[in-house]
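Colleague: Hi, could you walk me through this one? I'd like to go over the fold, the confidence and the cavities.

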Amino acid sequence: MIEGLLIGLSTAFSVTNLLMVIGGCLIGTFIGMLPGLGPMSIIAIMIPVAITLGDPSAALILLAGVYYGAIFGGSTSSILLNAPGVAGTVASAFDGYPMARKGMAGKALTIAAISSFLGGTIGALLLMVFAPMLSTVALLFHSAEYFALMVVGLSAIAAFAGTGNVAKAILMTLLGLIMATVGEGALFNMPRFTMGLMDLQSGFSFITLAMAMFALPEAIFLVLHPKRTATEGDGSTGKITGLRISRDEARKIAPVIGRQSVQGFFIGVLPGAGATIASFLGYAVERNLATEEEQKEFGKGSIKGLAAPETANNAACTGSFVPLLTLGIPGSGTTAILLGALIALNVTPGPRLMVDSPEIFWAVITSMFIGNLVLLVLNLPLIPYIAKVLSIPRNYLIPFILFFTLMGSYIGQNNATELLILVGFGICATILRFADYPLAPLLIGFILGRMLEDNFSRSMQLYDGASFIIDRPMTLGLLMIAALLVIVPSYRARRAKARRQGVAEGD
């Protein structure tokens, strides 16, 4: 490992590769800030540029920089506009945007930048140490284990329910699962629930749905409640204060960053999981671990609720390189594009990559340390200026949100029908928001629904029934964890209620 790291350092610190790291991080950061574009689109565009470089190390370093730069920068639009830049930063809006509305936009961006930096850096360190070992662990996960992992994700919906809204959260999750069934099914390549529309053949777009659930209702709320933001102190006076994190706040988020760096990395290692699931699970775990008083702050501007998904998604991005480089298995759509770029560069990822081309493997890992430092240095000084977005007058801010929402939805699918779907779902989401229904569980159900169905169908076929639950210990273990995620929060809630009643009777 030390010998490989030295090779990687000598390769990554060449002038060309340093420029590739800086250029990739810059491009990724600014693309990530634009709602709806995300790393997949820009990486696909950048592949011809990378191939012309001729050097596989430089090409992969450039594309990797774009990837984690986009995840790093995607939190900006989530925090400031409630319009997630990429799918992996949807959970960042749950507490980041309320912080911005309270006049703490600068602090929220600072927490996001530091959490992203530490999550990516710790993830790169874990990648350097455990990559060969984890490649064998990833192979142990089959369809049955992935089905159980999706169930674990669904069991965490109580963390997004808020106080007293568990029934509503379950209902919204079921609605998300139903929406995930639109399009071609897992067992048969036949369209379902498409109403004869070819545009729904592949189902609903996640980006369109995310915009409809968060960005569009927010624009409508800004129109319907013209005085809401000013009364909540959103920075409309043009003054952005509170850029620094206090020592007490640093102590609070330090264990969160530590836990989610490890958890996010290991989720990223599993092919098919990725940054989005890592961020949702990270948020859910930290909410369940929080004290009763801290849980009340989640969804209203909790610093832990912001640090958790920001750390987890960046650590997961780093972890996704384990199956890509050591097994040649893409863990997500973005890493599938990276795999195509590697093949186009005549590089064969797999167990032999560390032996046959150590300069490529170790240069990519080393560049991640450099890239995360570059991202931190680039973003921290710009935070006061980025946060000024909230000082834009409402007359300009609302069209700005609507423009990027519509553009992101259209560019993502290059289909005008997406705009109609966006508006329809946006109106429905606004009505649900008025009725106090949590929208995050719907997105979780939608994200996990298709993967849940695919893996369950394959497991049923492979094991000729549901016997895989008993036959595979890892599957049973994951399902038991899912049960605990449901039982423990309910038990804590009942115990707290009993304690409050005891105090009231004592008085």
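Colleague: To start, how many helices and strands does the chain have?

Modeller: The chain has 25 helices and 2 strands. Here helices (H or I, at least four residues) and strands (E, at least two) are DSSP runs, numbered from the N terminus. This is a predicted model, where local features need pLDDT of at least 70 and side-chain atom pairs count only at pLDDT 80 or more, while totals for chains, interfaces and linings use all residues. Residues are numbered from 1 along each chain as its sequence is written, and side-chain values use heavy atoms, with hydrogens and water left out.

Colleague: What does the pLDDT average over the chain?

Modeller: The chain averages 78, and 83% of the residues score at least 70. pLDDT is the predictor's confidence in each residue, from 0 to 100.

Colleague: Good to know. How much of the chain is buried?

Modeller: Of the 507 residues, 56% are buried. The cut-offs are under 20% relative accessible area for buried, over 50% for exposed, and partly exposed in between (1.4 Å probe, protein chains only). As for contacts with a separation of 6 or more, 80% come from residues 24 or more positions apart.

Colleague: Is Phe265 buried or exposed, and where is it?

Modeller: Phe265 is found in helix H12. Phe265 counts as buried because its relative accessible area is 0%.

Colleague: Now the cavities. How many are there of 30 Å³ or more?

Modeller: The count is 3 cavities of 30 Å³ or more. On a 1 Å grid over the protein atoms alone, a cavity is a set of points where a 1.4 Å probe fits but cannot get out, and lining residues have an atom within 4 Å of a point. Grid points are joined across faces, edges and corners, and a volume is the space filled by probe spheres set on the points.

Colleague: What's the volume of the largest one, and which elements line it?

Modeller: The largest cavity has a volume of about 70 Å³. Helix H4 (56-73), helix H5 (75-81), helix H7 (105-139) and helix H20 (383-386) each give two or more residues to its lining. H7 gives the most, with 3 residues. By class, the lining has 6 nonpolar, 4 polar and no charged residues. In that scheme Ala, Val, Leu, Ile, Met, Phe, Trp, Tyr, Cys and Pro are nonpolar, Asp, Glu, Lys and Arg are charged, and the others, Gly among them, are polar.

Colleague: Ala112 is one of the lining residues. What is Ala112 in contact with?

Modeller: Leaving aside neighbours within four places in sequence, Ala112 is in contact with Ser75, Ile79, Leu306 and Glu310. Ala112 lies in helix H7 and counts as buried because its relative accessibility is 1%.

Colleague: And what lines the second largest cavity?

Modeller: Gly153, Ile277, Phe280, Leu281, Ile444 and Leu448 line it, around about 50 Å³ of space. Helix H13 (274-289) and helix H23 (440-462) each supply at least two lining residues, with the largest share, 3 residues, coming from H13. That lining has 5 nonpolar, 1 polar and no charged residues.

Colleague: Switching to backbone angles, what is phi of Phe193?

Modeller: Phi of Phe193 is near 55°, a positive value in a residue other than glycine. Most residues other than glycine have a negative phi. Phe193 lies in the loop between strand E2 (191-192) and helix H10 (206-224), and Phe193 counts as exposed because its relative accessibility is 60%. Asp436 also has a positive phi, near 65°, and is found in the loop between helix H22 (417-434) and H23.

Colleague: Last one: how many residues of H19 are buried?

Modeller: In H19, 17 of its 22 residues are buried.

Note on methods
1 Å grid on protein atoms, 1.4 Å probe; cavity = no way out; pocket = protein on both sides within 12 Å on 5 of 7 lines; lining within 4 Å. Contact = heavy atoms within 4.5 Å.
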